[in-house]
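Morning, everyone. Please have a look at the model on the screen before I start.

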Amino acid sequence: MSTGTKAAGIQDDYAQQIASDLSENQTAQEQVRSELTRLQEELHQLEDNSRVLLKMQEALGIPAETASPQAAHRGAKRAAVPSARSASPAGKKVAASKAAAPAKAPRARKSPAKATSPAKDTGPSWLELITTVFAGRTEPKSAAEVTESISTAHPDRKVQAAVIRNTLEQAVSRGLLERSKQGRSVYYTSAATPVAEADSTAPPQV
């Protein structure tokens with residue numbers, strides 16, 4: 001057999017093999033397309049069924065997270081309903097207690113204000129108390145001594161040294177008292193004009 005005949009025979013074998021493989025490939029493609037079409041139709045059918053089931057679930061008022069296999073889920077749901085009902089009164093009590101708790105807080109906050117509101121100072125002014133300390137006296141007094149005298153005479157009053165010191169300076173500016181310094185200390189004495197007479201024309205200072 002010549003070389004050309006052998007080559008022609010080999011070529012024919014390859015041609016037949018390729019034709020067979022191509023035919024099988026095309027057949028496989030058709031099968032896959034057919035299977036794909038079937039799967040797509042099945043998927044669409046499942047999606048339609050899912051939408052119908054979801055609508056039924058909404059109509060029955062079933063929560064979405066409880067949509068499980070029906071047989072096992074129905075038994076679990078029936079067992080859960082009594083426990084939820086039995087727990088509901090306690091839940092109502094807890095909710096009522098929580099709702100009532102914030103309502104008590106404003107009453108507790110308002111009570112101190114009611115207790116302290118009547119504490120209005122209706123007594124003599126600080127200027128009147130200070131002039132009373134110096135009335136009929138000529139010896140000098142420091143602000144601390146005046147504060148101590150008023151605290152002793154009026155224990156019901158809340159006496160502050162800063163308030164007494166400022167009121168003493170007001171009395172000096174009005175000519176009711178005189179101020180003098182001894183070293184680093186400041187002393188106050190009654191002015192030449194009688195304190196009671198001078199204070200009677202001055203407006204009361206609170």
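First, the ground rules. This is a predicted model, so local features need pLDDT of at least 70, side-chain atom pairs count only at pLDDT 80 or more, and totals for chains, interfaces and linings use all residues. Residues are numbered from 1 along each chain as its sequence is written, and side-chain values use heavy atoms, with hydrogens and water left out.

Salt bridges, then. A salt bridge here is a side-chain nitrogen of Lys or Arg within 4 Å of a carboxyl oxygen of Asp or Glu. How many does the structure hold? Five.

Take Arg33 and Glu30. Their side chains meet in a salt bridge, 3.6 Å from N to O. Both residues sit in helix H1, residues 3-60. They are three residues apart, about one turn of the helix. A word on naming: helices (H or I, at least four residues) and strands (E, at least two) are DSSP runs, numbered from the N terminus.

Next pair: Glu35 and Arg38. The closest N and O atoms of this salt bridge are 2.3 Å apart. Glu35 is partly exposed, at 34%. Arg38 is partly exposed too, at 40%. Glu35, Arg38 and Glu42 are linked in a network of salt bridges.

One more bridge. Glu169 and Arg179 meet through their side chains, at 2.3 Å from N to O. This pair links distant parts of the chain: Glu169 is in helix H5 (residues 161-173), Arg179 is in strand E1 (residues 177-182), and they are ten residues apart. Glu169 is partly exposed at 28% relative accessibility. Arg179 is partly exposed at 47%.

On to helix H3, residues 126-134. Why is H3 described as largely enclosed by the rest of the structure? Because seven of its nine residues are buried. Those are Trp126, Leu127, Leu129, Ile130, Thr131, Val133 and Phe134. After H3 comes Gly136, with a positive phi near 75°.

Now two helices together. Two packed helices are described by the angle between their axes and the distance between the axes. For H4 (residues 143-153) and H5, the axes come within 9 Å and cross at roughly 115°. Axes are lines fitted to C-alpha atoms, for helices over the stretch in contact, and angles run from 0 to 180 degrees between N-to-C directions. H4 and H5 are therefore roughly perpendicular. By the cut-offs, under 35 degrees is roughly parallel, over 145 roughly antiparallel, 65 to 115 roughly perpendicular, and the rest oblique.

Which residues make the contact? From H4: Ala143, Val146, Thr147 and Ile150. From H5: Ala161, Ile164 and Leu168. Contact means heavy atoms within 4.5 Å.

Last, Val146. This residue lies in helix H4. Val146 is buried, with a relative accessible area of 0%. What does Val146 touch, leaving aside neighbours within four places in sequence? Ile130, Phe134, Lys141, Ile164 and Leu168. Two of those names, Ile130 and Phe134, were among the buried residues of H3.

Technical notes. Buried means under 20% relative accessible area, exposed over 50%, partly exposed in between (1.4 Å probe, protein chains only).
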